[in-house]
Amino acid sequence: LIRILEIRGSNDTMTAKLNVLASGRRYTLQIRSRLDLPVGIHRQTLTLITDNQQTPELKLELELEVTP
């Protein structure tokens with residue numbers, strides 16, 4: 001079991017909301033971008049902080065392309 005305790009973003013281009021379906025087993029992650037992002041590629045790293053000593057954090061690399 002790995003419980004996710006916290007989510008940290010590397011910048012403010014996107015926000016993440018964690019929904020716990022079954023603690024330590026099943027989650028959904030909702031990602032939203034800022035509405036005022038300029039055209040182009042935007043990247044962010046989300047770090048999921050866990051309670052597991054062998055895997056204290058999980059990193060997710062996100063990429064978003066805003067088109068005109």
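A salt bridge of 3.0 Å, N to O, connects the side chains of Glu63 and Arg43, the term denoting a side-chain nitrogen of Lys or Arg within 4 Å of a carboxyl oxygen of Asp or Glu. This pair links distant parts of the chain, since Glu63 lies in strand E5 and Arg43 in strand E4, 20 residues apart. Strands (E, at least two residues) are DSSP runs numbered from the N terminus. Both Glu63 and Arg43 are exposed; exposed denotes over 50% relative accessible area, buried under 20%, and partly exposed the range in between (1.4 Å probe, protein chains only).

The structure is a predicted model, in which local features need pLDDT of at least 70 and side-chain atom pairs count only at pLDDT 80 or more, while totals for chains, interfaces and linings use all residues. Residues are numbered from 1 along each chain as its sequence is written, and side-chain values use heavy atoms, with hydrogens and water left out.

Six salt bridges are found in a search of the whole structure. One of them joins the side chains of Asp51 and Arg3 at 3.8 Å, N to O. Here too, distant parts of the chain are linked: Asp51 belongs to the loop between strand E4 (40-50) and strand E5 (57-66), whereas Arg3 belongs to the segment before strand E1 (4-9), 48 residues away. Asp51 is partly exposed, with a relative accessible area of 36%, and Arg3 is partly exposed at 33%. A further salt bridge, of 3.5 Å, N to O, is formed by the side chains of Glu57 and Lys59. Glu57 is partly exposed, its relative accessible area being 38%.

Strands E1, E4 and E5 form an open sheet of three strands in the order E1-E4-E5, with antiparallel pairing; two strands pair if DSSP finds at least two bridges between them. E1 and E5 are the edge strands, each pairing on one side only. From one strand to the next, the twist averages 25°, where axes are lines fitted to C-alpha atoms and angles run from 0 to 180 degrees between N-to-C directions. The antiparallel strands E1 and E4 are joined by five bridges, and Gly9 stands opposite Leu46 in E4.

Arg25 is located in the loop between strand E2 (14-22) and strand E3 (26-33). This residue is exposed, with a relative accessible area of 67%. Arg25 and Ile7 are 18 residues apart along the chain, and their C-alpha atoms are separated by 16 Å.

Notes
Helix = DSSP H or I, 4+ residues; strand = E, 2+ residues; numbered from the N terminus.
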